[in-house]
Amino acid sequence: MGKKRILFLKAVAYSDLNPTIRSYLCQYKDNNTELEVRSLDTGPKHLEYQYYQAIAGNGILKEVLRAEKDGFDAVIISCFDDPFLYPAREISRNIVVTAPGEASMHLAAVLGNQFSVIVGRDKWIPQMKENVHRYGLLSKLASFRSLGMGVLEFHENEEETVRRMKREIRAAIETDRAEVIILGCSMQFGFYEELQKEFHVPVIDSMVAGLKHTEYLLEVKEKAGWSFSRRGLYERPPEDEMKEWKIEPYGLGTP
């Protein structure tokens with residue numbers, strides 16, 4: 001397979017960790033994957049509230065369209081809530097669009113009978129549970145377990161983060177009978193190896209899962225011609241209608 005150009009889109013408006021994230025993901029990418037990390041130009045610095053996600057939505061869609069225009073083969077929308085994943089697939093033309101929540105949950109459903117998701121705060125659980133249902137995986141869900149931490153806190157004191165993760169993972173396995181653990185925020189990257197070694201179950205880093213899922217979809221697209229169906233859910237809005245309403249494609253011109 002030829003070169004695969006993948007954009008890892010941090011769906012927030014700060015870029016401080018972009019080089020760190022790219023370096024981390026490059027450990028796991030295929031040799032023929034070219035990876036770029038971008039952030040939004042404006043908007044919130046985390047998406048813990050649905051209001052913040054709504055504000056970021058237009059920027060996410062613009063960046064997906066810009067990536068297609070720039071010649072990327074795929075975009076990963078980096079937030080475990082998978083914000084605007086379906087609209088992004090709908091408005092795109094030929095690019096693969098993925099997100100870490102969907103990728104991680106489908107992987108976990110294959111690796112074990114039930115999975116638990118380790119989240120930052122209780123606030124996140126209702127929306128994430130809706131996504132589990134949307135993806136058809138509710139019967140595979142053992143539990144959500146909360147760390148009592150916000151997105152921006154995970155790497156402030158990593159020893160404390162790991163301590164809380166171990167506490168909740170132990171409860172998920174022993175009490176909730178989880179067989180697979182998902183770290184339910186892309187910013188929980190870098191912790192899974194230590195946790196997996198201690199608990200002897202798959203511990204899924206959603207950032208890595210999103211990348212590998214994307215590479216897989218690009219491979220089956222090239223080799224088998226399988227990509228997103230335009231028959232129903234991802235049917236693209238009519239070109240004439242969008243142009244008449246001056247919303248096509250978000251001021252970027254035709255990719």
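## A briefing on the core and overall build

The largest nonpolar core holds 80 residues, and those with the most contacts inside it are L25, F115, I181 and L183. Such a core is a set of buried Ala, Val, Leu, Ile, Met, Phe, Trp, Tyr and Cys residues joined through side-chain atoms within 4.5 Å; buried means under 20% relative accessible area (1.4 Å probe, protein chains only). Helix α8 (residues 206-224) gives the most to this core, with seven residues.

This is a predicted model, in which local features need pLDDT of at least 70, side-chain atom pairs count only at pLDDT 80 or more, and totals for chains, interfaces and linings use all residues. Residues are numbered from 1 along each chain as its sequence is written, and side-chain values use heavy atoms, leaving out hydrogens and water.

**Inside the fold**
- Leaving aside residues up to four places away in sequence, F115 touches M105, A108, A109, V132, L137, K140, L141, A142, S143, A178, V180 and I182 (contact means heavy atoms within 4.5 Å).
- Of the 255 residues in the chain, 53% are buried.
- Among contacts with a separation of 6 or more, 73% come from residues 24 or more positions apart.

**Overall build**
- You will find nine helices and eight strands in the chain, taken as DSSP runs (helices H or I, at least four residues; strands E, at least two) and numbered from the N terminus.
- The C-alpha trace spans about 55 × 40 × 35 Å along its principal axes.

Methods:
Buried < 20%, exposed > 50% of the residue type's maximum accessible area, 1.4 Å probe, protein only.
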